[in-house]
Amino acid sequence: MIIKVSHLSKIYKTGEVEVKALDDVSFEVEKGEFLAIMGPSGSGKSTLMHILGALDKPTSGEYILDGKNVEKLSDDELADIRNKKIGFVFQAYNLLPRTTALKNVMVPMMYSDVPKAEREKRAKDFLEKVGLGDRLYHAPNQLSGGQQQRVAIARALTMNPSILLADEPTGNIATNQAIEVMEIFEDLNEAGHTIIMITHEPEIAEYAKRIIHLRDGRIVEDNGNRHRRKVRK
Amino acid sequence: MLFSETFFESLSTLAVNKLRTGLAALGIVIGIGSVITLMSLGQATQKSIQTQIQSLGANLLTVQPGAIRQGGVVGAMGGRTSLTLDDAKAILSSSEVATVKTVSPEVERRMQVTTGKSNANTEIVGVTPQYEEVHKLEISSGNFITQRDVDSMTKVAVLGPTTVSNLFGEGADPLGQTIRVSGKTFTIIGVTVAKGGSGFMSQDDRVYVPLTTAQKQLMGVRYLNSIALEAANPEVMTDTQNQVGYLLLARHNLSDPAKADFTIMSQQDILNTASSMTQTFTTLLSGIAAISLLVGGIGIMNIMLVTVTERTREIGLRKALGAKKKTIITQFLTEAVILTFVGGIIGVFFGILASFLYAHFTSSAFVISFSSILLASVVSILIGVLFGWYPAQRAANLQPIEALRYE
C-alpha cells in the first residue's frame, strides 16, 4: 500500500473557537487506485488533501507514505516528496502570475535539477498531452480557467509522480473541459499512477473506482473495492 | 539547485514583475542619489567657505616685536626693535620648527610717494619674494619682487591698484614708469590684483619694495616690523606658534615667556569662527543626510513589504512544487541583492550627475564625498536586503498551505 493514514485529526484554532476539520480519519490507499473524496463544503476534504500532499501537518495521527512516516521527515525531505513523489493540482490552479505556461510547467523540474534542455522538452510534451501545444508562451491571465487547470495538471505530471492529488480539478471549468480533464486522469490511472481527487460532483466521481464520503471531518462512507464498510459513528 | 540556476530564476522573476522591480529600484536610486547629492552640495559649500577663509590667510602667523602678552591682553606693538632678519632666517632653517612653510620678513612705514604730477601718502612695505605666497598676493601685470632684487638692493616697486589710480589715474598702465620715495627713484615692475578692503587696512593701497632697499635706503633701520609665517596647515597652527616662540626666546636669551620682547599673533580668531561655522555646517549636513537616508530607507522598506502578500503566496507555491527552504531564501536574497546593487549603481550615477550639474551651473566646486557614497550605498543595500530577506525567510518557514493562503 502506498498511503496509510491512521487516526488523523486536524484542529484549527480561531481565537477561542476550535474547529475540528478532521476527526480521527483512518484509511489506506493501494498503489494504482483511483479514489474520489466527496463531501459537503466544510467536511475537511481539502484539509485531508493538503495533509496527504505534505503541504500541511496534522494535529495528531500518523501518515505513512510509501513506508515512511511523514511526520518524522525533515523539511528538505518533505520538499523532495512534494517535488518527486506527489503531483498536486490545486483548485485555484496556483500558477506563477505573469509567467508563461511553459515556464510554469518547468518549475518543479528546476527544483530537482533536470537539465535545462530536457526540462523544456518534457514541459512541451506534457503541455501538448493536455492539449495546450499552441499556448506554450501564454501567461495565465491569457488562458481560460480550463486551460489554466490543464497547465496545472501538466505541471503536476512533469516529475512523473507516483501519486496525483487533485483538489476539485473540474470545480472551475465547463463540463466539456471537465470531461477532457477526467479523460486525462483515466489515462494516467491506466498508466499506473495513483490518483486521489476531491469533487462534489457525482458525475465526476463516477470516473473513480473508489469513493470516500466525508462529513464533519469524519469518514461516513467508503465504498472501497476492498474494504466496503460503515465507519463507526 | 545550482546557484547559477537560482541567479537566473531571480533575474527572470525580476524581469517578469517589471513594475515591482522598477519601484523597488527607484526607492534605492532616490535613497542613494539624494544622500550623495546633498552631501556633495554641502561639501562644496563647506569647501568654498574654507577657500575664502584661506584667502585671508588662515594659516598665517605674524611675529611682531615689542608687545608683551599678558593674560590674553596684547599691548602696543612695534615699539621695540628686537626682531631681525637673522630671526627670520633662523625660523626657516631651525630644526625645532618643522611646520613652517614660508617665512616673510617685512618692514613697513607710511611715506610720501610722488610722481611728476601727483603725490600720495601710502604704506611702503619692504618685502622678500616670499611675501607674495604668505599673503596670497596676486599680480595682475608685471612681476613681483625677486630674490635678486633683494640681494642687489635694486630700486624697483610693485604697486597696489588703489595706489596706481591715486598716482596715475584710473586705468593707467604704470609699468616701466617711475615713482620717487624720499628722494630715491623706483621703477614700477608690477601691479597687484585688488583684494578688497578699504581705508588704513587696505591691502590695495601699498607700495612693495625689496626688503633690503627699504631697510637701508628708505628707512635706515636694521630691524623688522614683522615676520609673517605660513604654517603647513591649520591643524599645526598652535604647535608652530609655540615652537617659534621658544626658538625666539632662546635666540633673544630670555627664559621667562612672560618677558618676551615679541608677540606671535595668529589668525586663530578667524579660524575659530570658521571652525565653529564648519562644525555647525557639518552637523546640519549630517542631519540632512540622515533624513534622506531615513526617507530612502523607508521607501525601500515599503516597496519590499508591500509585495509580501503576493510573494508569500509565491513562496507557498514554490514550496508546494518542491523548492527547499534554502533554495527559496537564496532566490529572494539574490533578487534583493541584484535589485539593490543595480539600483545602487544608478543612484550613485544620478547623485554624481546632480552634484556635477549643480557645480556646473553655480560654478561652485565639484566635490564628491566618497564617504557619503559608501554610507548611502551600505545603508540602502542593507535595508533592501534585510527587507527582501526577512519576509521571505518568514514565509519559507510556514507550511506551504499556510503561505498559499496568506492574506
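Which residue stands opposite A:K10 in strand 2 of chain A? The residue is A:L22.

## About the model

This is a predicted model, in which local features need pLDDT of at least 70, side-chain atom pairs count only at pLDDT 80 or more, and totals for chains, interfaces and linings use all residues. Residues are numbered from 1 along each chain as its sequence is written, while chains are lettered from A and ligands numbered from 1 in the order in which they are written.

The pLDDT is the predictor's confidence in each residue, from 0 to 100. Chain A averages 90, and 96% of the residues score at least 70. Residues 226-233 of chain A have a pLDDT below 50. Beyond near neighbours in sequence, that stretch has 7 contacts in the model. Two residues are in contact if their C-beta atoms, placed from the backbone, lie within 7 Å.

## The antiparallel sheet of chain A

Helices (H or I, at least four residues) and strands (E, at least two) are DSSP runs, numbered from the N terminus. Two strands pair if DSSP finds at least two bridges between them. An open sheet of 4 strands in chain A has the order 2-1-4-5, with antiparallel pairing. Its edge strands are strand 2 (17-29) and strand 5 (68-69), each pairing on one side only.

Strand 1 (residues 3-14) of chain A pairs with strand 2 over 9 bridges, in the antiparallel sense. The pair A:K10 and A:L22 belongs here.

## Strand 8 of chain A

Strands of a sheet pair through backbone hydrogen bonds, either parallel or antiparallel. Strand 8 (residues 194-198) of chain A runs parallel to strand 3 (residues 34-38), joined by 4 bridges. A:F34 stands opposite A:I195, and A:I37 opposite A:I198. Strand 7 (residues 163-167) of chain A also runs parallel to strand 8, with 5 bridges. Here A:A166 has A:M197 as its bridge partner. From strand 7 the chain crosses through helix 6 (residues 175-190) of chain A to strand 8, in a right-handed β-α-β crossover. Right-handed means that, with the strands pointing away from the viewer, the path from the first strand over the helix to the second runs clockwise.

A residue is buried if 20 or more other C-beta atoms lie within 10 Å of its own, exposed if 12 or fewer, and partly exposed in between; C-beta atoms are placed from the backbone. In strand 8 of chain A, 5 of the 5 residues are buried, so the strand is largely enclosed by the rest of the structure. A:T194, A:I196 and A:I198 point one way, and A:I195 and A:M197 the other way.

## Strand 3 of chain A

Strand 3 of chain A has 5 of its 5 residues buried, so this strand too is largely enclosed by the rest of the structure. A:F34, A:A36 and A:M38 point one way, with A:L35 and A:I37 pointing the other way. Strand 3 also runs parallel to strand 9 (residues 210-215) of chain A, through 4 bridges. A:L35 has A:R210 as its bridge partner in strand 9.

Chain B has 13 helices and 12 strands. Of its 407 residues, 39% are buried.

In chain B, 19 residues are in contact with 21 residues of chain A. Helix 1 (3-16), helix 10 (308-320), helix 11 (325-362) and helix 13 (400-404) of chain B each supply at least two residues of this side. The largest share, 4 residues, comes from helix 10 of chain B.
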